[in-house]
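Me: Please examine the structure displayed below and answer a few questions about it.

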Amino acid sequence: MIAELWQIGLTLGILVAIVPVFGKYMADVFLGQKTFLDPVVEPLEGLIYQLGGIRIRKSMTAGEYIRAVLFSNLVMGVFVYFIIISQGNLPLNPTKLPAPSWDLALHTAISFVTNTDQQHYSGETTLSYASQMLGLGFLMFTSAATGIAVAIAFIRGLTGKPLGNFWVDFTQSITRILLPISIVGAIVLLILGVPETLAGPVQVTTLEGGGQFIARGPVAHFEIIKQLGENGGGFFGINSAHPYENPNAASNLIETLLMLCIPAALIYTYGVFAGNTKQAWLLFGMVFIIYIGLILLTAIAEYQGNPLVNSLLEGQQPNLEGKEVRFGWAQTALWAVSTTGTMCGAVNGMHDSLMPVGIFATLFNMFVQIIWGGQGTGTAYLFVNVILAIFVTGLLVGRTPEFLGRKIEKQEIVLASVVMLVHPIAILIPSAITLAFPAQLAGISNPGFHGLSQVIYEYASAAANNGSGLEGLGDNTLWWNLSSSFSLLVGRYVPIVALLLLAEGMLHKQTASASTGTLRTDTVLFTGVTAGVILILGALTFFPVLALGPIAEGFQIAKGG
Amino acid sequence: MRELIKGIRLALVMWVLTAVIYPLLLLICGQVAFPFQANGSLLTNRQGALVGSALIGQNFAGNSYFWSRPSAINYSQDENAKTGVSGASNLAASNPQLRQRIAAEIQRLQQANIKPTADLVYASGSGLDPHISPTAARHQIERVAKARGLDTNQVEIMVVKNTDGRFLGIFGEPGVNVLKLNLALDNL
């Protein structure tokens, strides 16, 4: 057990070492400082701006920024919908797959354009190489870049800078962050064994004389941006548990760090923008502590295994249902908490077969959305929580709430509340409707309390733009495809609009210079209050479903089934 | 409207960059520099026929072979799996079906005189797991050695040779690659 906890600790140690370097690099990119990639990237960007017709690169108002986000996302989503729906007539389809149903194609396009990558299909049996490479692979870059651009605009507004130009932020996110890391990382994954071929599946004769069909494809380039962009939509049905997506512990380490590095480092990027890295480290530390707590809870539960099965085996054995030998319980637990925390949504073991504690931790992550959080948006949500904490403490001590010298007033609280309230609305209302018709709509595959978790998880995953699932759920139905599309869209675009308006509001405020009466937000005490606000808001809103789902299942198992 | 046209143009440029040029670069790199990995790490037997992939597990039932883990999709070996498949049981820890399946699995292992370990009774995540734990392999050495008329020491050496250790001695779990081990035994 010590060896396993040690490898978790070391992985987190590497993450902490990456954060200041990478966070500073991202700050340099978006502050227009010189970076080592400039000589290569500047001519490329020049060409992109020229071909894309981006002549004016002046800063946008929130309204312009919002319109640019929505238009570009709409265009890309529609484009990919048509690629998927016409895959039967497109090349790169070695297994001659027909077009999927319109509702599945729609759900898939929305799911990938919103950076969620919730999948109601299996890659091998449903999508051609053209749909994956020319459609989904494209959205993996653009949806991640959209998230980063919004986060940067939000940080700019908070720190009193003009919001910037969406087209420029979007382009630079790809050319200076996502693409360079993807190229290097994909080559490393390729060397480690991840395939990259346009050839179709191969049929072999096994040693015992049977036939085996081995799915292949252009996986390496897809896999790396899937992790780095926190997309999470696997090339194969079983995602990063598939040996071709994640062949060994080395690839697993890389993929784990890649899904964590951008949201973790963006907190530091904020620190550079605000000129207050102390506050960045405090917030980082707060998230890090909650994150470690969830990892430990999940890992220990998996290590102790399933008491119902242990009674059949001789003694206590770890729960390896839905897990791969090469990762074991520790790397799977670390991944499960990381992927639901960061809204990546890729899995290297099946969450449906996690112990109830693991289901609790993964659901909790998707409810609070800031244990790193989604690509870009997670960092922004973190500051929404900070603003609410400032408001609460301001009320408690009777001072005017201020953040970075700017007053927090009605508009800020209204917009912050919108961000906080959209989430439970997009999860709980569709869940209630679905659970009201268990036989007709729900498609639950596991009996008892776990079935409730399956439904809640699916909508939480959609609304948080995560994309993982309790995959036993029969979710490729008209109802599931359309109702989760609603949660996907509401969970993505309503908060983005609110965040940008909030940022602009803050930008136009008069700054008051700090005095002895100012509430300092870069202290341990204030960070602790923020943690309290996050836990109380997140936990209380969703406590009833946590109690009826994983907590009840845990008691059920403890009493012997 | 101008913004919409901008969006369309930039999307097209980005599409060419990230969905055409970038994958093409990787395809060329893979097919030229690392063709073995890029095509799926495929393995051949002495006669040169394809027998599987170094990364993908197989089902084994005979006594002369080491057995793999249970798979929810029978290692993509069914007739209707023409595209190749992957999949897990997705049974919840509290699901009575899980307990029933494992009880049957334990019985099957005990009949073959293999001590049931966690990896041999729990089904894998991918349904294609190429590994079993070193303990699970050790418990099978005697059965395989007997069926093949080999010395147990000799088989044990083969097991060790086909064990993938932790990355840098730290990350992940050690596992015995079942197909590679069985192939090596066939090639003795």
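Predicted model: local features only at pLDDT ≥ 70, side-chain atom pairs only at ≥ 80, totals over all residues.

Reply: Residues are numbered from 1 along each chain as its sequence is written, and chains are lettered from A and ligands numbered from 1 in the order in which they are written.

Me: Which helix of chain A gives the most to the side that touches chain B?

Reply: Two residues are in contact if their C-beta atoms, placed from the backbone, lie within 7 Å. On that basis, 103 residues from chain A and 92 residues from chain B take part. Helices (H or I, at least four residues) and strands (E, at least two) are DSSP runs, numbered from the N terminus. With 8 residues, the helix that gives the most on the chain A side is α7 (residues 166-192).

Me: What is the helix content of the span that UniProt lists as "transmembrane region" in chain B?

Reply: The unreviewed UniProt entry lists residues 12-34 of chain B under that name; positions follow the numbering used here, feature names are shortened, and annotations may be inferred rather than shown by experiment. The end C-alpha atoms of this span lie 31 Å apart.

Me: What is the radius of gyration of chain B?

Reply: The radius is taken over C-alpha atoms, and the globule rule is 2.2 Å times the number of residues to the power 0.38. For a compact globule of 188 residues the value would be near 16 Å, whereas chain B has 22 Å.
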